[in-house]
Amino acid sequence: MTGRVARVNGPLVEVEGLAGAAMSELIELGPDRILGEVVSIEVGLARAQAYEYTGGLRPGHPAVAVRHPLSARLGPGLLGGVYDGLMRPLSGAGVWLRPGQVAPRTPRTWLWSPSVHEPDLVSAGTELGTVAEPGRPDHRVLVPPGLSGRVGDVRRAGPAGEDDVVATVADTPVPLASWWPVRRPRPVRERLEPDVPLLTGQRVLDLLHPLARGSTAAVPGGFGTGKTVLLQQVAKWCDADVIVYVGCGERGNEMADVLAELAELTDPRTQGRLLDRTVVLANTSNMPMMAREASIYAGVTVAEYFRDMGRHVVLVADSTSRWAEAARELASRTGALPAEEGYPASLSSQLAAFYERAASVRTLGGDEGSVTIIGAVSPQGGDMTEPVTSHTQRFVRALWSLDRDLAYARHYPAVSWTGSFSRDAEPLAAWYARHGDPAWARNRARVESLLAEADRLTTLAELMGVGALPGHERVVLLGGRLLREGVLQQNATSPADAACGPERGRALLAAVLAVVDACEDVVAAGVPVASVEELDLTPVVRAREAQGGEGEAALTAIAAARDAVLARVEALR
């Protein structure tokens, strides 16, 4: 079905003659076949948002309906790949991407191994076979959603191409690769209650503001507060099976750094490259604005695809504010009624629809999998009351708010312990209690209380002077400093401190709290608090740099630092 371009207004293109066009249907515009998506339909007129630069497109150019919505190609070979916002591979593309330019997809073959036989009875989600990907987990080929019946014509084990049919189910061919509309959530058998922690490797998150697998988190912060570095650290060190990293409107050099680091880092699980379990969608700030929205939905579709295989997936979206800006530009061009700061009135609904695709589920095949969504928010001028930030807080389970004062004080990660929250803490406390750490909730509550009291006393000390405070309150100030510097602070460039597991974090926290308790005891026994403040407590602060990872050597070094400091404190009696 062919129409013609009637009007071009930036990324908004009006097309005449597309009778029968449907909402969200793809169309190809002009001689360059620029992709667009139908966003509104009137009598004899369809409006489409173009996903590429529309320079040179003019009235009279042809417009061809593709007859399907924007869809992602899902199959083997996704892991380790880099794609644009429309899931088109960037490997092999030129330095500059021109409108309509698509890098040719290199034909690849995979080693297919069937898991079923004729005439087995299968249903949606049943594993038909696996595909071996060198250096990566085996890729499971499943019966597509909505299909069930007898298996027939199973392909013998051996090489198979992406478009080759590996089996038929109810006389329907099933190839290795398939397509799925990015705006339609993939079906599951049931949603489960998220009650298993996603270990991020960042102590301030895992201790104070934990996140469950299948949950959602937002990371709001102004310029220079370390959003991108924190998201990169979570992507590199969290205990997920697959990482989907969506660079939505961020700077190109940041995406280049992400790719370079992922290619160099060793995956602690497989000892291979970390990039080999990562899918990167690069839609940088110099790429078409309207493709930012598509990149968000394409990324979560890829995440759901691996979730259906029984994997635990983390989707990192940096940043959702750029996506909202694209929606605002389109809304202004279509004449939609603007809401606060010009954003469309449907902004909250769009954010809710995106974040609700995160879940811990039982898949159609009976496996347990999850999609965890972590989205960055870039409020203009650090204004946490602007619409994207305020709406996002309503829909996420955890908020990791970045504090500018902490960042300027070179305290990283600059996660504010007063401006952040986690709604997953209570169910996760039960998980920790069942897995050998019944004191986790008590320690978390004590740390929060100690930090809040230290902040309050810091304000008083700035007005009255530290010397005006009683001894026990000065010990609280000392304890707050030890917690900040010895537990919550981490060095992303340090091989020993870039990531921290639960055992190491528990040992560091226990060491600091033991020193704080000892200081309180000696002050209560009559030792001048000034003598305690003059002690060299740096060994317990530097214990976080102990070598040995999560092994016994690191735990022994932390215990030795704790004992050395405790001996100095006891010597004051």
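T54 is placed in the loop between β5 (45-50) and β6 (62-69); helices (H or I, at least four residues) and strands (E, at least two) are DSSP runs, numbered from the N terminus. This is a predicted model, in which local features need pLDDT of at least 70 and side-chain atom pairs count only at pLDDT 80 or more, while totals for chains, interfaces and linings use all residues. Residues are numbered from 1 along each chain as its sequence is written, and side-chain values use heavy atoms, with hydrogens and water left out.

T54 counts as buried because its relative accessibility is 11%; buried means under 20% relative accessible area, exposed over 50%, partly exposed in between (1.4 Å probe, protein chains only). A polar atom of the T54 side chain lies 2.8 Å from the backbone oxygen of G10. This is a polar contact, a pair of N or O atoms within 3.5 Å; within protein, one must be able to donate a hydrogen and the other to accept it, and residues adjacent in sequence count only if both atoms are side-chain atoms. Leaving aside neighbours within four places in sequence, T54 is in contact (heavy atoms within 4.5 Å) with V8, G10, P11, V13 and I34.

Helix α2 (residues 227-237) is largely enclosed by the rest of the structure because nine of its 11 residues are buried. Among them are L230, L231 and V234. The buried residues of α2 pack against several elements, including α1 (203-208), α3 (252-264) and β24 (368-377).

Helix α5 (residues 320-334) has 15 residues and reaches 21 Å from its first C-alpha to its last, close to the 21 Å expected at 1.5 Å a residue; the expected span is 1.5 Å times one less than the number of residues. At the start of α5, a side-chain oxygen of S319 comes within 3.2 Å of the backbone nitrogen of S321. Just after α5, G335 has a positive phi of about 80°. W323 is one of the buried residues of α5.

**Aromatic rings**

The structure holds six aromatic pairs. Rings of Phe, Tyr and Trp (its six-membered ring) pair if their centres lie within 6.5 Å; planes under 30 degrees apart count as stacked, over 60 as edge-to-face and the rest as tilted. Two of the pairs are tabulated.

| Pair | Type | Centre to centre | Between planes |
|---|---|---|---|
| Y305 and F306 | edge-to-face | 5.6 Å | 70° |
| Y432 and W440 | stacked | 4.6 Å | 10° |

Y305 and F306 are buried, as are Y432 and W440. Ring pairs also link Y297, W323, F354 and Y355 into a cluster.
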